[in-house]
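Colleague: I would like to go through the labels on this model, each with the cut-off behind it.

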Amino acid sequence: MSPVPQKMIMNRKVKKVCFAASSGGHLEQLLMLKPLMDRYDSFILTEKTDYNSAICDVRTYYVRQVNRKEILFPLKLLANAFRETAVFIKERPDAVVSTGVLAVIPVCLLAKLFGKKLVYIESFAKVSSATETGKLMYRFADRFYVQWEPMKDIFPNAIYLGGIY
């Protein structure tokens, strides 16, 4: 996916973009879109970790880390939903671009609920099988990108442009 295509967001009417990803590799992939972030009034929504630092020079909001194997994961996801709703109302993004995963599902669904554009990028690590979040977001995304051509067999309407890296 390098260089970042302008059509990823879909139109010039988009002025503010939320870039949402869980921590780790998903956030690393999202940060590869920094040239795209620079074209818009952008902010990042990601999980709070022990190693947080300022991410680039982009406004950043943090939510709780969520692990679906933890017993309290539904409560953490609910807490994130409230936090993400507050951020969404404050920032009022025109579009959400996400590389997943569980912690940022609420903001992706909020985008659709409020009639905003949703762009989802399936993980670079997935070459022949889908993520659970990808399966869900495929139903809602205005644009759904895969980074490996074989993934088009799983997501036939996805857009393949190569890898972000």
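Colleague: What joins the side chains of K135 and E132?

Modeller: A polar contact of 3.2 Å. The term needs a pair of N or O atoms within 3.5 Å; within protein, one must be able to donate a hydrogen and the other to accept it, and residues adjacent in sequence count only if both atoms are side-chain atoms. Before going on: this is a predicted model, where local features need pLDDT of at least 70 and side-chain atom pairs count only at pLDDT 80 or more, while totals for chains, interfaces and linings use all residues. Residues are numbered from 1 along each chain as its sequence is written, and side-chain values use heavy atoms, with hydrogens and water left out.

Colleague: Is K135 buried, exposed or partly exposed, and why?

Modeller: K135 has a relative accessible area of 40%, so it is partly exposed; buried means under 20%, exposed over 50%, and partly exposed in between (1.4 Å probe, protein chains only). K135 is placed in helix 5. Leaving aside residues up to four places away in sequence, K135 touches A130 and F155, where contact means heavy atoms within 4.5 Å. Its C-alpha atom is 9.2 Å from that of I154, 19 residues apart along the chain.

Colleague: Why does S98 count as buried?

Modeller: The relative accessibility of S98 is 0%, and therefore it counts as buried. S98 sits in strand 4, residues 95-100. A polar atom of its side chain lies 2.9 Å from the backbone oxygen of A20. Not counting residues up to four places away in sequence, S98 touches A20, V104, C108, V119, Y120 and I121.

Colleague: What makes helix 3 oblique to helix 4?

Modeller: Helix 3 (residues 73-91) and helix 4 (residues 105-113) pack at about 45°, with axes 8 Å apart. That makes the pair oblique: angles under 35 degrees count as roughly parallel, over 145 as roughly antiparallel, 65 to 115 as roughly perpendicular, and the rest as oblique. Axes are lines fitted to C-alpha atoms, for helices over the stretch in contact, and angles run from 0 to 180 degrees between N-to-C directions. Helix 3 contributes L77, A81, E84, T85 and F88 to the contact, and helix 4 contributes P106, V107, L110 and A111.

Colleague: And why are helix 4 and helix 5 called roughly parallel?

Modeller: Helix 4 and helix 5 (residues 132-140) pack at an angle of about 10°, with axes 11 Å apart. The pair is therefore roughly parallel. The contact is made by I105, C108, L109 and K112 of helix 4 and T133, L136, M137 and F140 of helix 5.

Colleague: Which residues of helix 4 are buried, and what do they pack against?

Modeller: I105, P106, V107, C108, L110 and A111 are the buried residues of helix 4. They pack against strand 1 (16-21), strand 2 (41-47), helix 3, strand 4, strand 5 (117-121) and helix 5. After helix 4 comes G115, with a positive phi near 70°.

Colleague: How many helices and strands does the protein chain have?

Modeller: Five helices and seven strands. Both are DSSP runs numbered from the N terminus: helices are H or I of at least four residues, strands E of at least two. From the N terminus on, the order is β-α-α-β-β-α-β-α-β-α-β-β. The chain has 165 residues, of which 47% count as buried.
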